[in-house]
Each structure stands twice: as C-alpha cells, then as structure tokens.
Amino acid sequence: MAVAAILLLSACQSKSYKIEGRGEGLNDNDTLYLTTDLHTIAPTDTVIVKDGKFQISGETDSAYICMIYNANNMNIMIPFFVEPGNISIEFSKTAGASRIGGTKLNRAWQTLNDSVMTIGKEVNLIAERLHNNNFPTETQQKEWEKIEKLNQRFRNLLIATVEQNINNELGYFILLSYPEEVISNDERLQLIGPLPQNMRNRA
C-alpha cells in the first residue's frame, strides 16, 4: 500500500511532457519550428515531420506559452502551452481551425478559441450583410448594435477566462496580451490583484 502511494505521488509530480501532432499540410521531412517568443517568432527548437506526424518530449518545471509553425506555410501555426502531460496538436490548412488539447491549460485555451471563433463568425455575417445591402439608417444602426453586443460578449468571455485561470499561465497570458480596447486598464488592474505574488513580481 505504501509503495503504491509513493508511486502515485511520483506520477502526480511528474515534470515530463509529450507533444504529439498531426494534421493537414504536414509532409514528410518538413521542418517545424518552436518558439517561446510570439512577437519575433525566433525559433528555439525544431522537429522533423515523419509519416505525417511529429512528436516532442521533455521535462518542464512550469507551464509556458509556446508556438509551433511551418515557415513555408504560416497557416500551419498554433500557440499552445507546454506543461507536464500529453499534449495533442491537430493542424488544419484553414486559418484558425487547428486544435490543441490533452492537458488542462490547452483544453481551456481551445475552449476559449472555439467561443471566440463562433463570435467572430457572427460578426463577419453581420458585416457582410451591411456591406452587401443598402439598408436604411435605422436598420444599419440596429446591425451595428448587434456587433457591439457581440464585441461585449467577447470582452466578457476573456475576462471570465482570466478569472477562472487567475492562478495559472493562461490567465496571465490573456491578461497581458489584449489591448485596452478589449480589456480596459481599470479591469486589468482589478484582475492583477488576485494574481499569485510570483506573477505580480514579473517585469
């Protein structure tokens, strides 16, 4: 019994991760690049595609944001979180349609992305209607009000996701990634307060 408890504890404290990926647009011997800098996307590591798949494994003491991409086709790119556990990546040639999962942060990140894509599609449909029809002013105003409500829904979704993930890297990433037009500085200051001390002490 004691041995089983020790083994269980060791498994819970594992630092190892494994990333398995596949999907559209991946050809054998393609080189995929990993980066932890989402601004310059300067590569920090590479992986070669074999049999239409790739696999990366390693250890990490903490979770951090990362991106994997194909420099020859920038539609094949997706940000995800490196963290202990089995991480899955499914590439799609359609921009924004790639998927991640397998671990807690990546599942939450994918759930957020799915909701954002749904809102974005609704906004685009309204914008197309406005562009393709000569609506009277009153109708145009009502359509713009629908867009603003969708934008507010998007902002509320981001803030709710930050609040639900305030103790981890997903919440921290969202909090710092969006401009004031999306998350106001007043809202940001309120959300910074509950952040763990080690995150508030970052530069």
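1. In this predicted model, helices α3 and α4 cross in a left-handed manner. Helix α3 covers residues 137-164 and helix α4 covers residues 169-177. Two packed helices are described by the angle between their axes and the distance between those axes. For α3 and α4 the angle is about 145°, and the axes are 7 Å apart.

2. On the α3 side, the contact is made by Leu158, Thr161 and Val162. On the α4 side, Leu170, Gly171, Ile174 and Leu175 take part. Sorted by class, the contact has five nonpolar and two polar residues, with no charged residues.

3. The largest pocket holds about 400 Å³ of space. Its lining consists of 19 residues, and those closest to the centre are Gly96, Ala97, Ser98, Asn113 and Met117. Of the elements, α2 gives the most, with seven residues. By class, the lining has twelve nonpolar, five polar and two charged residues.

4. The second largest pocket holds about 260 Å³ of space. It is lined by 13 residues, and Leu38, His39, Ile65, Phe173 and Ser177 lie nearest its centre. At least two residues each come from β5 (64-70) and α4. Helix α4 supplies the largest share, five residues. The lining has seven nonpolar, three polar and three charged residues.

Conventions:
Residues are numbered from 1 along each chain as its sequence is written. This is a predicted model: local features need pLDDT of at least 70, side-chain atom pairs count only at pLDDT 80 or more; totals for chains, interfaces and linings use all residues. Side-chain values use heavy atoms; hydrogens and water are left out. Axes are lines fitted to C-alpha atoms, for helices over the stretch in contact, and angles run from 0 to 180 degrees between N-to-C directions. Helices (H or I, at least four residues) and strands (E, at least two) are DSSP runs, numbered from the N terminus. A crossing is left-handed if the near helix is turned anticlockwise from the far one by less than a right angle, and right-handed if clockwise. Contact means heavy atoms within 4.5 Å. Ala, Val, Leu, Ile, Met, Phe, Trp, Tyr, Cys and Pro count as nonpolar, Asp, Glu, Lys and Arg as charged, and the others, Gly among them, as polar. On a 1 Å grid over the protein atoms alone, a cavity is a set of points where a 1.4 Å probe fits but cannot get out, and a pocket is an open set with protein on both sides within 12 Å along at least five of seven lines; lining residues have an atom within 4 Å of a point. Grid points are joined across faces, edges and corners, and a volume is the space filled by probe spheres set on the points.
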